[in-house]
Amino acid sequence: MTFEYKVQGGDFTHAGYASSQVKKMLKQLGVDSVVIKRVVVCLYEAEVNIVAHARDGIISIVLDTDTILMKLTDNGPGIANIEQAMQKGYSTASPEVREMGFGAGMGLPNISANADRFLITSEPGTGTALEITINLNSAAV
Amino acid sequence: MKVTDIVEKLGLNVFSGHEGLGREVTGGYASDLLSDVMGHAEAGTVWITIQTHRNVTAIASLRDISAVIITSGEKPGDDTIAQSNEEGIPVLGTELRTFELAGRLYSLLG
């Protein structure tokens with residue numbers, strides 16, 4: 001099964017919509033709650049990154065019997081130094097975004113800690129793409 | 001302990017989400033950084049914060065948080081209240097600062 005969600009940059013009111021839909025779906029499928037938690041943390045952080053940094057983006061969820069693959073592609077500024085962006089506490093978020101409690105430089109590390117497989121590619125000036133895979137049948141990272 | 005017991009014992013305002021007052025509370029988490037809560041708060045906890053916007057209820061829902069307590073007399077936004085009511089996640093309030101409220105909640109949950 002494949003699902004797609006559009007994400008609008010700057011639209012914090014709807015941030016988390018895709019995460020909420022995917023959570024409901026996994027719950028209905030009877031997926032372990034620890035696994036659902038990890039999926040939700042990864043997807044929400046990635047979704048908020050698009051809202052906070054990009055003009056817009058697409059989330060595509062590929063649900064298989066034993067894995068969930070979350071692909072997030074955005075039209076945004078891109079990340080010049082991915083290694084730096086992956087460090088806890090590093091953020092380029094605007095003061096407005098930080099005031100809301102986002103932009104603490106914890107998003108990408110949170111994704112990395114909860115994913116079984118995490119790929120990030122980016123082209124400065126064009127955008128960023130994330131591929132996050134989580135095994136549905138094991139609770140441990 | 002249930003959310004309603006905490007409301008009563010700490011004298012909290014109930015802004016919204018009355019439907020969820022019977023939810024069980026297993027602990028507390030105090031933070032204003034949303035990714036911190038996302039990454040570390042356990043399901044069933046009460047989240048203490050001064051953030052008032054809608055993403056607070058979004059995160060509370062995603063992470064199965066039992067209730068949110070807004071400190072320092074801050075008030076939740078209209079869309080925060082709307083989502084809280086929709087999902088039955090109580091949004092509570094106090095004039096106390098986060099430190100004082102967290103201390104009292106900690107003693108209560110002992």
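**Exercise 1.** In which sense do strand E4 and strand E5 of chain A pair, and over how many bridges?

*Solution.* This is a predicted model: local features need pLDDT of at least 70, side-chain atom pairs count only at pLDDT 80 or more, and totals for chains, interfaces and linings use all residues. Residues are numbered from 1 along each chain as its sequence is written.

Step 1. Find E4 (residues 117-123) and E5 (residues 127-135) of chain A. Strands are DSSP runs of at least two residues, and helices (H or I) of at least four.
Step 2. Pairing takes at least two DSSP bridges. E4(A) and E5(A) pair in the antiparallel sense over seven bridges.
Step 3. Look across: A:Arg117 stands opposite A:Thr133 in E5(A).
Step 4. Check the turn. The two strands, E4(A) and E5(A), form a hairpin with three residues between them. A:Gly125 in the turn has a positive phi of about 90 degrees.

**Exercise 2.** State where B:Pro76 lies and what B:Pro76 touches.

*Solution.*
Step 1. B:Pro76 belongs to the loop between strand E4 (67-70) and helix H4 (78-87) of chain B.
Step 2. Its relative accessible area is 9%, so B:Pro76 is buried (under 20%; exposed is over 50%, partly exposed in between, with a 1.4 Å probe and protein chains only).
Step 3. List the contacts (heavy atoms within 4.5 Å). Not counting residues up to four places away in sequence, B:Pro76 touches B:Phe15, B:Thr52, B:Ile70, B:Ile81 and B:Val91.
Step 4. Take B:Leu34, 42 residues from B:Pro76 along the chain. The C-alpha atoms of B:Pro76 and B:Leu34 are separated by 16 Å.

Key
Chains lettered and ligands numbered in written order. Heavy atoms only, no water.
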